[in-house]
Amino acid sequence: MAAAAVRPIRVVIAKPGLDGHDRGAKVIARGLRDDGMEVVYTGLHRTPEQIAATAVEEDADVVGVSILSGAHMTLVPRILALLAAEGAHDVGVVVGGTIPGDDAETLRNAGVTAVLTPGASLAEVSAAVRDAAARRRSAIG
Amino acid sequence: MSGRPLPLDAARDGAERPGEFPYTRGPYPEMYRQRLWTMRMFAGFGAPEDTNRRFRALLEAGQTGLSTAFDMPALMGYDPDHPLSAGEVGREGVSVASAEDMERLYAGLDLGAVSTSMTISGPAPVALAMFVVAAERAGTERARLQGTLQTDILKEFIAQKEWLVPERPSMRLVGDLIAFCAAEMPLWHAVSVSGYHIREAGSTAAQELAFTIADGVAYAEEMVDRGFGPDQVLPRFSFFFNAQIDLFEEVAKLRAARRLWATLMRERFGARSERSLRLRAHVQTSGVSLTAQEPLLNVARTAVEALAAVLGGAQSLHTNAWDETLALPTEESARLALRTQQMLAFETGAAGVADPLGGSWLVERLTDELEAEARGYLDEIDRRGGMVQAVIDGYPQAEIAEAAYAFQQALDDGRRVMVGVNAFAAPDGDEPRIHRADPEVERRQVERVLALRAGRDAGDHAAALDAVRDACRGTDNVMPPLIAAADAGATLGELCDAFREVWGAYRDPGRW
């Protein structure tokens, strides 16, 4: 298999809800780009509907959802449901932010591929996104 | 404790003393010997009654001023029942949607006696209108109200990202608010020019200093362009800086800020009054310096940062609680953070002398370097046509994003050490007991706003909103019709919608 034929991993970095903490989202967008991925950043204050639509339009392998407002248990399940409704349940969803441990477990059980919390390095974030993309690509062949 | 009396000051003849222009060494000659800093803990969660109880607990524990944290829907100008508010009502701050909520928030507190800070910028004119209505209903006239409204919309576009309408109409609203306060609220600080969020978003100390001062210059220009003399408005400006973990640089930053502001206000605007030239600052310890790993380490970090604020000459101080990387603070963790300030004030002797590090070769040199670096940025901003244009073009935002990425890379490759994160890391411990948001709050606040809309006089309400829109389209000050509308039961979301109808909602361009 020729390496050139492999499309780079496509990631949508998304900021749902009303919180304005975009430092992490922007740092991670740059980190993933510098690691060779194609990155789309939604900008702030997007609805779950807008995020799911962007993921489908961009044919994303992974959606990275950044939330530091505490509203993750409202917003993330809606993004998962909307992706499923669009027929995009294979898209990996990675969540980053201030997520308490028991909430993280609930989110993983609901279909989130990985939950990253403060202190994670760019290498750890990149590995989680690569893993989520690999699962999607093996799932869709 | 030895009890040895501290010498007052050792400045040589002709050298700058505390309280003298350009105020490098402090805005007042005696500093904390005359008046201690205000211990002002930022608090807000749940329904207004929940935060009112936290305010009372903090005052009982010895806090000396109030500081109000609003929830995300309020900061973005949405009512609790707006679709975008789902899951966020009362979660990161207190839910306030009406003058009635404002009355509940400060119920039983003497607003003529305790100073009140409200950290809100986009909807600041609306929040002030509701606060004035609530205070006057409780018997305190607006002229007696003392406190601070943040109103710093430029730093919202730069860093905090809670905005309503585009940059230029936002500046118009700031100008209306400052003009109103100059005429009717002589004890009120109309604007708190804030570097805190700029630093939290990833800036360097020099960028925090430069962009904050540049924002202040832009507000001063707005008022001078309206025909105000500098000494009519500048005394009502206050500042808000971050105290990061780098002790000496932070002390130097506060010293450089005072020198730079005083010099610029004299050079650029011809300000003469001492009250215009003295930069007075609230300081908050840094949120991003805290770690979720081994969170009790944050008690020590916060103590060092608070010491930097005190040695740097802050006028009021918030100390973060150790659990704020995990959630809003509990009552216990907030009290521990307040106790940290009380130890600095009453046990350490740090408050005994004005500018105790003045004359240190290191701190003097860092002060000069930071001032020079900030002046370089200010020159660049002038070349770009001033700060409002620079913000529209995304210049400070891009500089901060670069610095934030460089910081993360330095953490990842170990050039920068955070104990417990990338050095001396311990296995994860048990998660501590943290503040949990009450899921009932959202439902109750939605019911309240629905009941308010159903119960008010529809004709009065519609006319009051029309008057707000008319003021926005014309040149009349928007504050009087906002106060009338808040009194007639208009909600925060409706009044912010009036701004958005006239000027359009601002959308994040999503630059990175």
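In chain B of this predicted model, strand β1 (residues 38-43), helix α1 (residues 48-60) and strand β2 (residues 65-69) make a right-handed β-α-β unit. The two strands of this unit, β1(B) and β2(B), pair in the parallel sense over four bridges. One residue of β2(B), S67(B), is the bridge partner of F42(B).

Strand β2(B) also pairs with strand β3 (residues 116-119) of chain B. Four bridges join β2(B) to β3(B), and the two run parallel. Here T68(B) has M118(B) as its bridge partner in β3(B). The series continues with strand β4 (residues 147-149) of chain B, which pairs with β3(B) in the parallel sense over three bridges.

Strands of a sheet pair through backbone hydrogen bonds, either parallel or antiparallel. In chain B, nine strands form an open sheet with parallel pairing, in the order β5-β4-β3-β2-β1-β9-β8-β7-β6. Its edge strands are β5 (188-189) and β6 (191-194) of chain B, each of which pairs on one side only.

Is β2(B) mostly covered or mostly uncovered? It is mostly covered, since five of its five residues are buried. In a regular strand the side chains alternate between the two faces of the sheet. For β2(B), G65(B), S67(B) and A69(B) lie on one side, while L66(B) and T68(B) lie on the other. Every one of these residues is buried, and both faces of β2(B) are covered.

The next topic is the contact between the chains. The size of an interface is often given as the accessible area lost when the parts come together. Between chain A and chain B, the buried area is about 3,200 Å², and carbon and sulfur atoms give 52% of it. On the chain A side, L18(A), R23(A) and R30(A) lose the most area to chain B, together 27% of what that side buries.

Polar groups also meet across the interface. Between chain A and chain B there are 15 residue pairs in polar contact, and four salt bridges are found. One salt bridge joins the side chains of R436(B) and D103(A), at 3.6 Å from N to O.

Notes: Residues numbered from 1 in each chain as written. Chains lettered and ligands numbered in written order. Predicted model: local features only at pLDDT ≥ 70, side-chain atom pairs only at ≥ 80, totals over all residues. Heavy atoms only, no water. Buried < 20%, exposed > 50% of the residue type's maximum accessible area, 1.4 Å probe, protein only. Pairing = 2+ DSSP bridges. Right-handed = clockwise from strand over helix to strand, strands pointing away. Buried area = accessible area lost by both parts, 1.4 Å probe. Polar contact = N/O pair within 3.5 Å; in protein donor to acceptor, adjacent residues only side chain to side chain.
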